[in-house]
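Have it open beside you as you read.

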Amino acid sequence: MTEDSRPPAVPRDPPPPDYAPFVDPGSPRPHRGVSRRAILRGSFVAAGLAVLAFAGQTVPFLRWISFLAPRSGEGPLGVPINRTAEAAGVVEGASAPDYALTLAANGKTMTLTLDQLRRLPQHDSDLPIACVEGWSAQGKWRGVRVRDLVEMVGGDTDRDVRFVSLERGLYGVSVLPANFARNPASLVALELHGETLTIDHGFPCRLITPNRPGVLQTKWLTRIEVT
């Protein structure tokens with residue numbers, strides 16, 4: 001094929017600037033480093049987030065956005081709460097006039113109304129409740145000893161005890177080892193600081209026991225089983 005018989009060249013657009021080094025190795029390469037301005041901007045943003053994360057410890061109106069600040073004293077009766085009854089979906093069940101706590105052991109069950117629980121021997125325990133979020137608050141709790149309820153239903157005090165909440169899901173069940181259940185400070189609490197439990201603190205009744213994180217101090221109890 002002679003030079004005159006070759007088809008005319010198809011015009012092409014110039015390559016994008018980022019492709020220039022591949023077309024012409026001698027062309028300057030684009031700068032891809034992070035600019036000093038971008039580094040400074042990122043540092044200011046990170047510092048601002050850190051301030052907001054903890055600012056609620058000293059600036060009360062910022063507490064709602066201080067997701068890393070430990071809580072203290074916020075909640076009914078001066079004891080914080082992480083999960084309300086409404087969020088747990090238990091308001092109706094916990095407030096029902098026919099509420100009863102079921103005890104179960106060795107194939108035997110019995111139920112106790114809230115009034116019957118109140119008529120049982122009551123005991124006090126001064127125990128803190130602590131949360132993995134970083135807060136801890138001291139409480140004076142009053143209620144029925146766990147071991148008394150275990151014995152009432154004929155359960156073995158050397159067995160673990162399972163606590164079931166009206167709440168469903170991850171926080172609906174906890175298991176209390178036998179040595180904790182036997183501890184005289186372990187209560188099915190009905191009162192806090194001399195007042196009936198608020199519904200957000202676990203009304204009608206809740207577990208409170210020494211040296212256990214708050215997530216295992218099951219609220220809104222509906223059933224106790226000796227395993």
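1. A cut-off to start with: a residue counts as buried under 20% relative accessible area, as exposed over 50%, and as partly exposed in between. Tryptophan 220 has a relative accessibility of 1%, so it counts as buried. Keep in mind that this is a predicted model.

2. Staying with tryptophan 220, check its backbone: phi is positive, about 55 degrees, even though the residue is not a glycine. Tryptophan 220 sits in the loop between E9 and strand E10 (221–226). It also turns up in a second, separate core of five residues, which includes Ala88, Val90 and Ala94 as well.

3. Histidine 193 is another one for the backbone list: not a glycine, yet phi is positive at about 55 degrees. You'll find histidine 193 in the loop between E7 and E8. Is histidine 193 buried or partly exposed? Its relative accessible area is 35%, so it goes down as partly exposed.

4. Next, the peptide bonds. Phenylalanine 203 and proline 204 are joined by a cis peptide bond, with omega at about 10 degrees. As for where that is, proline 204 belongs to the loop between strand E8 (195–196) and strand E9 (206–208).

5. Now the largest nonpolar core, which has 37 residues. Which of them touch the most other members? Those are Leu101, Leu117, Trp141, Leu149, Phe163, Val188 and Ile224. By element, strand E7 (residues 187–192) gives the most to this core, with five residues.

6. Leaving out residues up to four places away in sequence, leucine 117 touches Leu101, Leu112, Gln122, Val144, Leu149, Leu190 and Cys205.

7. Leucine 170 has a relative accessible area of 72%, so it is classed as exposed. Its place is the loop between strand E5 (161–165) and strand E6 (173–176).

8. Finally, some overall numbers. The protein has seven helices and 10 strands, and buried residues make up 35% of its 227 residues. Taking contacts between residues at least 6 apart in sequence, 58% join residues at least 24 apart. The protein exposes about 13,900 Å², of which carbon and sulfur atoms supply 55%.

Definitions and conventions
Residues numbered from 1 in each chain as written. Predicted model: local features only at pLDDT ≥ 70, side-chain atom pairs only at ≥ 80, totals over all residues. Heavy atoms only, no water. Core = buried A, V, L, I, M, F, W, Y, C linked by side-chain atoms within 4.5 Å. Buried < 20%, exposed > 50% of the residue type's maximum accessible area, 1.4 Å probe, protein only. Helix = DSSP H or I, 4+ residues; strand = E, 2+ residues; numbered from the N terminus. Contact = heavy atoms within 4.5 Å. Areas by Shrake-Rupley, 256 points an atom, 1.4 Å probe, with all protein chains shown as cover.
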